[in-house]
Amino acid sequence: MSTQAYDEFRKLLRARAYVEAAAFAERESVLRRDADAFWLTQEAIALSLAGRAEEALGFAEKALAVAPANRYALAARADARLRLERFAEAAADFAECVNLPGAPERAREGLLRSVAGLQDWSRMLELLERWELPPGGRFPWQVRALRGLGRADEALAACQAWLALEKDLPAALWALSELEVEREGLDVVRDRYERLARIASRPPVYREIYASLCRRSGRDEQAVQVYAQLGAAGGGTRVQRKEAFALAGSAHELEALPQFEEILRATPRDYYVLSGYEGACRRIGQLERAWKFYQELLALHPQEKGLYGRRRRIAGMLEKGS
């Protein structure tokens, strides 16, 4: 392995140029006649990050054929299987990987995510007890497992202990709000977060949770207002994404379209935003706009071949409607 070549590969990953990184790794692999487990593994990693998990799985299998005991190739195969939602196979790979000397740190998280996909909450608790993770790393999984097992009181206690580590921690507050809804009902919890959201000193997450609870209880107009306030305060892409969906769900599709388009210019592979955008265009007769926008998006991101298929499908809808 050339250190210079690997540095170049890592630079592409840091820039999130995953397709280019995969192509770079493939060139390095071809130079070695596909006999180098290292570059086959790097190609698998880059393809997984590019959202091409099926191809990533194939390269991870090739790497393991060359070096069956390679822990990084095994982790790459496990990750590809996880992305394909082949949770049992991913869990088996990650479990094997965790027990190997010098296993990648992400293997433990991968095993927990695979077990969560299987909804095997008892096994998750066993793993957490065996590994003795620090509290900050343990609580998110513990709360999820206890909730999955219906042990609401213990889940709530774990959530409170999690928040004791860091007040107003967003992930813990979201989990707490879900537990509270299950225990007290949606309306009661929504009204509580409405009061909390009005406190100026509280961080934005309280307003985000309140907006989410409004959407769930059918108060879409109120949710849109809160998301707009958060966006004006610099909420970022995540808030903009929620605002776009709230607008689309409250008969304000025309206002949602520019929001969806702005998000897609930065993240053209966001499946949920693509689906939300097309649905909104279809409902208000703006399919031609979507067809033109996808052309613009392809000019910005020519590597996103999936957009051609979406554009053809919209063209077919336009033909049927004409």
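Predicted model: local features only at pLDDT ≥ 70, side-chain atom pairs only at ≥ 80, totals over all residues.

Modeller: Numbering starts from 1 along each chain as its sequence is written, and side-chain values use heavy atoms, with hydrogens and water left out.

Now the overall fold. There are 19 helices and zero strands, both taken as DSSP runs numbered from the N terminus (H or I for at least four residues, E for at least two). The C-alpha atoms fill a box of roughly 60 × 60 × 35 Å along the principal axes. Of the 322 residues, 44% count as buried, meaning under 20% relative accessible area; exposed is over 50% and partly exposed in between, using a 1.4 Å probe and protein chains only.

The part to zoom in on is the largest pocket, which holds about 870 Å³ of space. Leu-49, Ala-50, Gly-51, Arg-269 and Asp-270 are the closest to its centre among the 24 lining residues. On a 1 Å grid over the protein atoms alone, a pocket is an open set of points where a 1.4 Å probe fits, with protein on both sides within 12 Å along at least five of seven lines, and lining residues have an atom within 4 Å of a point. The volume is the space filled by probe spheres set on the points, which are joined across faces, edges and corners. Helices α2 (18-31), α3 (37-49) and α17 (271-283) each give at least two lining residues, and α2 has the largest share, with three.

Ile-284 is partly exposed at 32% relative accessible area. Not counting residues up to four places away in sequence, Ile-284 touches Glu-253, Leu-254 and Leu-257, where contact means heavy atoms within 4.5 Å. Its C-alpha is 22 Å from that of Gly-309, 25 residues along the chain.

Ser-114 has 0% relative accessible area, so it counts as buried. Beyond neighbours within four places in sequence, Ser-114 contacts Leu-82, Phe-87, Ala-90, Ala-91 and Phe-94. Asp-93 belongs to α6 (residues 87-98) and is buried too, at 3% relative accessibility. With the sequence neighbours within four places set aside, Asp-93 is in contact with Leu-74, Arg-77, Ala-78 and Arg-81.

Most residues other than glycine have a negative phi. Glu-132 has a positive one, near 50 degrees, in the loop between α8 (121-131) and α9 (135-148). Asp-168 also has a positive phi, about 65 degrees, in the loop between α10 (152-165) and α11 (170-184). Glu-132 is exposed at 68% relative accessibility, whereas Asp-168 is buried at 18%.
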